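This report walks through the strands, helices and ring pairs of one protein model. Keep the structure open while reading.

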Amino acid sequence: MTETTEVRRTLSEQAARQLANATKTHAQWSGITPRWLPSFLPWVAVEAGIFRLNRVKETSSDVSDGVECSPKNDADLPETYIDYDPAPREYSLNAVTTVLDIQTRVSDLYSSPIDQIQEQVRLLIEKVKEQQESQLLNNVDYGLLNNIIPSQKIKTRKEGRPTPDDLDELITKVWKEPAFFLAHPRAIAAFGRECTRRGVPPPTATIFGTQFLTWRGLPLVPSDKLRITGNKTDILLLRTGEKKQGVIGLFQPGVPGEVAPSLSVRFMGINRKAVASYLISLYCSAAVLTEDAIAVLQDVQVDKYYDYA
């Protein structure tokens, strides 16, 4: 009697995958950050891309000049007036731009389920917005770090470590209703370690649905656009808003091809090599309305290896 051996074969996983549809994600980019600075700044609309900052001419620190309390009936009233700066500063909106080039064959054939043009535009808009936050801080003309007067600059006290005393002194520079601190995440971590070492860990507050460390009720807002040079960086303190004569952002609504306030995407055409081009532009600037609206703590050490002995 002959024995037969039954051989069972099953469909392999590798073969089955050829008939399966993979669920795809949009392109993930680790360079995208929360960009809190544009969110915390009040934005003021301008016309024709120009903002003129009119200021009072600073002639005296005595607020009582020309003002008298309860003058006698037979006395002449004091005469005075408020003089204006004869050469006010004007801000022109800065353009953060880039051009997207995409081969039409690629966008025609490979846009399902994710549209290639829309995906490229989305990623480049994110890149432009990252550059916008960097320019708000570091632009040589309107960047906040380049518009702080010497009297509003202080340095850390204890070997560069950011301490509660340092931030308290910063508050004395922007004491008229300050809004928030702005610091690199590593600087915030260094401040948190110093507070914990002193037994005064900073409390947290929820803003925009996110937890922020605070000091004296003011949030410490993180931004990686504050540069670190040789393990040292800066911490800013800002007062914001037109009514408070603080720091404001500037934008122009209604630009051609607008997809968001002051952000436009415009089709530039297709060249003879079948490459379609799109211009992505974001127009912005910032203004410090009065000199005491911003201050900076300099030489902040972010190296985590401290000798606490």
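Seven strands make up an open sheet, in the order 5-15-10-6-9-8-7, with mixed pairing. Strand 5 (153–155) and strand 7 (204–207) are the edge strands; each has a single partner strand, so one side of each lacks a neighbour in the sheet. From one strand to the next, the twist averages 30°. This is a predicted model.

Inside the sheet, strand 6 (residues 180–183) and strand 9 (residues 218–222) run parallel and are joined by 3 bridges. L182 has V221 in strand 9 as its bridge partner. Strands of a sheet pair through backbone hydrogen bonds, in either the parallel or the antiparallel sense.

Helix 6 (residues 185–197) lies across several of these strands: strand 6, strand 8 (210–215), strand 9, strand 10 (232–238) and strand 15 (294–301). Helix 6 runs at about 135° to strand 9.

**Overall content**

The protein has 6 helices and 15 strands. Of its 309 residues, 39% count as buried. Take the contacts between residues at least 6 apart in sequence: 77% of them join residues at least 24 apart.

How many residues of strand 11 (residues 247–251) are buried? The count is 5 of the 5, so strand 11 is largely enclosed by the rest of the structure. In a regular strand, side chains alternate between the two faces of the sheet. Both faces of strand 11 are covered. V247, G249 and F251 are buried on one side, and I248 and L250 are buried on the other.

| Partner of strand 11 | Sense | Bridges | Residues opposite each other |
|---|---|---|---|
| Strand 1 (residues 43–45) | parallel | 3 bridges | A45 and F251 |

S262 sits in the loop between strand 12 (258–260) and strand 13 (263–270). A polar atom of the S262 side chain lies 2.7 Å from the backbone oxygen of Y283.

V275 belongs to strand 14. V275 is also buried, at 18% relative accessible area. Leaving aside neighbours within four places in sequence, V275 is in contact with D101, I102, Q103, G269 and I270. V275 and L100 are 175 residues apart in sequence, and their C-alpha atoms are 9.7 Å apart in space.

**Helix 5**

Which residues of helix 5 (residues 164–173) are buried? They are P164, D166, L167, L170 and I171. These residues cover an arc of only 160° around the axis, which puts them on the same side of helix 5.

**Aromatic pairs**

A pair of aromatic rings is described by the distance of the centres and the angle of the planes. Over the whole structure, a search finds 9 aromatic pairs. One of them is F51 with Y91, a tilted pair with 6.3 Å centre to centre and 55° between the planes. This pair links distant parts of the chain: F51 is in strand 2 (residues 50–53) and Y91 in strand 3 (residues 89–92), 40 residues apart. Both F51 and Y91 are buried.

F191 and W215 form another pair, with ring centres 5.7 Å apart and planes at 85°, so the pair is edge-to-face. F191 is in helix 6 and W215 in strand 8, 24 residues apart, so here too the pair links distant parts of the chain. F191 is buried, as is W215. Helix 6 lies across strand 8, among other strands.

Ring pairs also build a cluster, which links W36, F40, F180, F208 and F212.

Notes:
Residues numbered from 1 in each chain as written. Predicted model: local features only at pLDDT ≥ 70, side-chain atom pairs only at ≥ 80, totals over all residues. Heavy atoms only, no water. Buried < 20%, exposed > 50% of the residue type's maximum accessible area, 1.4 Å probe, protein only. Helix = DSSP H or I, 4+ residues; strand = E, 2+ residues; numbered from the N terminus. Arc of directions from axis to C-beta. Pairing = 2+ DSSP bridges. Polar contact = N/O pair within 3.5 Å; in protein donor to acceptor, adjacent residues only side chain to side chain. Axes fitted to C-alpha atoms, helices over the stretch in contact; angles between N-to-C directions. Contact = heavy atoms within 4.5 Å. Phe/Tyr/Trp six-rings, centres within 6.5 Å; stacked < 30°, edge-to-face > 60°.
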